[in-house]
Amino acid sequence: MLVNAFARRSLSLKTNKLRFRTFATMFGDNAPLVVTPAQLHNLRAANPDPSDLVILDASWHMPNSPRRPLEDFVRVHLPSARYINVDEVASPHPLSLLHMLPDPATFARACENLGISPKTQVVLYDTHGVFSSPRALYMFRTFGHDRSSILDGGLPGWQAHGGPTEQGEPAKLNAEAKYPPPTLYKDAVKDYDQIVANSKSDPAQNRDAFYVVDARPKGRFQGKDPEPRPGMSSGHMPHAISLPFNVFLETHTVPEDIASKVVRPDGKTDGPYTYTRLRSTQGILAALEEALGPERTQEVLKGERQIVTSCGSGMTASILWLGLKLLGVERLALYDESWMGYASRPESVIVKDE
């Protein structure tokens with residue numbers, strides 16, 4: 001049976017009460033940012049009440065992708081998982097930008113509809129491995145819901161470790177939870193005016209200026225490759241630093257003997273089944289140092305300088321946000337509009353590297 005794979009990777013809860021208490025404590029008010037498939041397996045066993053643990057598929061695909069997250073969910077998902085549409089749990093924007101942070105009432109209403117209360121442990125995953133789940137985690141954490149984590153490796157990683165899955169539409173809940181509108185942690189978010197004001201100062205000359213790291217691929221950052229949104233200029237903000245999101249990740253392949261037996265979210269039945277996982281903290285630190293240099297990295301790690309993440313639409317900036325959180329960075333924020341909001345305004349200064 002698939003569950004037996006977990007038995008080979010972790011001790012039984014029945015025969016190790018100390019391990020049970022360790023996991024129960026771990027997933028309290030200070031839940032880890034990231035959980036492994038084995039940890040989630042134990043967490044599910046320790047929390048049979050569906051009101052204590054909610055698993056959310058937070059998958060999202062690029063606008064030019066033919067895949068649809070809800071269709072993927074119906075095809076295959078984790079047991080008892082529910083689906084959250086990050087484009088719908090969002091605030092309207094004058095530039096029609098998607099998945100912007102919702103207002104407190106919208107977030108609370110979405111949680112209630114998903115059966116989530118402030119005491120619920122939430123585990124988020126996506127079908128890429130690690131791609132859009134950090135964005136959903138950023139939303140939960142920014143609203144103070146610290147009982148939230150992502151599943152490292154997402155659905156493919158879960159399947160690679162022998163995890164069971166289900167198919168079908170999201171289950172309808174018998175009763176809604178109660179979630180009072182929370183308070184947004186405003187220091188975790190930057191807006192356009194703050195970004196423009198900061199871009200007028202060179203951080204090397206002004207210690208009050210924050211670093212902006214851009215998660216888009218380097219070609220788009222440099223202005224040499226086109227943006228995936230038609231008509232939008234590539235390039236970058238003045239003084240921004242290129243830090244492509246994939247340098248915080250590593251690619252894995254589901255073993256062929258497992259891949260041939262599982263249902264894939266994209267509907268494919270053959271070929272390599274790959275997914276992403278977060279690099280180790282040492283790997284993330286090395287990538288950060290390569291982009292910023294040792295001196296600026298130490299400023300960030302010591303809290304002497306704030307760092308702000310950005311990307312194309314606020315999605316992969318959350319991967320950088322998560323990696324920096326794992327390094328213990330405290331003075332950290334995300335530019336919610338990211339490049340779509342910045343480059344859509346004609347008055348914005350866009351730098352293209354020669």
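Contact means that heavy atoms lie within 4.5 Å, and helices are DSSP runs (H or I, at least four residues) numbered from the N terminus. The model is predicted, local features need pLDDT of at least 70, side-chain atom pairs count only at pLDDT 80 or more, and totals for chains, interfaces and linings use all residues. Residues are numbered from 1 along each chain as its sequence is written, and side-chain values use heavy atoms, with hydrogens and water left out.

**Exercise 1.** Determine which residues of helix 5 are buried and what covers them.

*Solution.* Begin with helix 5 (residues 104–113), in which T106, F107, A108, A110, C111 and E112 are buried, that is, under 20% relative accessible area with a 1.4 Å probe and protein chains only. The cover over these buried residues includes helix 6. Turn next to the ends: at the start of helix 5 a side-chain oxygen of D103 reaches to within 3.0 Å of the backbone nitrogen of A105, while just after the helix G115 takes a positive phi of about 75°.

**Exercise 2.** Describe how helix 6 and helix 13 cross, and which residues make the contact.

*Solution.* The axes (lines fitted to C-alpha atoms over the stretch in contact) of helix 6 (residues 133–142) and helix 13 (residues 317–326) come within 8 Å and cross at roughly 65°. Helix 6 contributes P134, R135, L137, Y138 and R141 to the contact, and helix 13 contributes S318, I319, W321 and L322.

**Exercise 3.** Decide whether E299 is buried or exposed.

*Solution.* E299 lies in helix 12 (residues 294–301), and E299 counts as buried because its relative accessibility is 7%. Leaving aside neighbours within four places in sequence, E299 is in contact with R207, Y211, E304 and R305.

Notes. Axes are lines fitted to C-alpha atoms, for helices over the stretch in contact, and angles run from 0 to 180 degrees between N-to-C directions. Helices (H or I, at least four residues) and strands (E, at least two) are DSSP runs, numbered from the N terminus. Buried means under 20% relative accessible area, exposed over 50%, partly exposed in between (1.4 Å probe, protein chains only). A polar contact is a pair of N or O atoms within 3.5 Å; within protein, one must be able to donate a hydrogen and the other to accept it, and residues adjacent in sequence count only if both atoms are side-chain atoms.
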